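Please open the structure in your viewer and keep the sequence beside it. This tour goes from the whole chain to its strands, then to its cores.

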Amino acid sequence: MVASGEWLYDGSAPTPVLVVRLDYDFWHAVGEADGELGPDDAPTLNSEGSAYYVRHKPGWSEGQPFWPDSQGFMTLDEAKAAAQAAVAGPITWR
């Protein structure tokens with residue numbers, strides 16, 4: 001995890017937001033495991049060989065496996081901006 005915070009679901013329920021950096025394209029790996037990739041499908045990674053993913057939806061709690069709610073982003077700032085755009089209130093980053 002490279003960033004964490006929370007937002008208030010329905011204005012009152014604290015809901016965690018996580019940004020993780022992975023050294024692989026999560027969705028490409030899922031497609032590969034499911035046999036759904038075409039011959040020209042390639043992972044999308046930044047110049048450092050990683051991508052950033054966001055988890056922001058209610059229902060996740062610490063200790064559970066991470067499953068992203070987003071596409072992969074090339075920078076932490078892009079991931080944090082996408083997280084903010086996806087929720088109905090401000091995110092308080094820690």
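What share of the contacts in the protein with a separation of 6 or more comes from residues 24 or more positions apart? The share is 55%, where contact means heavy atoms within 4.5 Å.

Before selecting anything, note that this is a predicted model, in which local features need pLDDT of at least 70 and side-chain atom pairs count only at pLDDT 80 or more, while totals for chains, interfaces and linings use all residues. Residues are numbered from 1 along each chain as its sequence is written, and side-chain values use heavy atoms, with hydrogens and water left out.

**Whole chain**

Show the protein as a cartoon. There are 2 helices and 4 strands, in the order β-β-α-β-α-β along the sequence. Helices (H or I, at least four residues) and strands (E, at least two) are DSSP runs, numbered from the N terminus. The C-alpha trace spans about 45 × 25 × 20 Å along its principal axes. Of the 94 residues, 33% are buried, that is, under 20% relative accessible area with a 1.4 Å probe, protein chains only.

**The strands**

Select residues 3-9, strand β1, and residues 13-22, strand β2; the two run antiparallel and are joined by 7 bridges. Two strands count as paired if DSSP finds at least two bridges between them. Gly 5 has Val 17 of β2 as its bridge partner. Between the strands of this hairpin lie 3 residues. In the turn, Asp 10 has a positive phi of about 55°.

Next, go to β3, residues 51-55. β2 and β3 are also antiparallel, with 5 bridges, and Leu 22 stands opposite Ala 51 in β3. In β3, 5 of its 5 residues are buried. Show their side chains: Ala 51, Tyr 53 and Arg 55 point one way, Tyr 52 and Val 54 the other way. In a regular strand the side chains alternate between the two faces of the sheet.

**The cores**

Which residues make up the largest nonpolar core? Select Ala 3, Trp 7, Val 17, Val 19, Tyr 52, Val 54, Phe 73, Ala 79, Ala 83, Val 87 and Ile 91, 11 residues in all. A nonpolar core is a set of buried Ala, Val, Leu, Ile, Met, Phe, Trp, Tyr and Cys residues joined through side-chain atoms within 4.5 Å. β1, β2, β3 and α2 (76-86) each give two or more residues to this core. A second, separate core has 5 residues, among them Val 20, Leu 22, Phe 26 and Ala 51.

Center on Phe 73. Leaving out residues up to four places away in sequence, Phe 73 touches Ala 51, Tyr 52, Val 54, Glu 78, Ala 79 and Ala 82.

**Last stop: Val 20**

Move to Val 20, in strand β2. Why does Val 20 count as buried? Val 20 counts as buried because its relative accessibility is 10%. Its contacts, not counting residues up to four places away in sequence, are Met 1, Val 2, Ala 51, Tyr 52, Tyr 53 and Phe 66. To finish, draw a C-alpha to C-alpha distance from Val 20 to Leu 76: they are 56 residues apart in sequence and 8.7 Å apart in space.

Terms used:
Buried means under 20% relative accessible area, exposed over 50%, partly exposed in between (1.4 Å probe, protein chains only).
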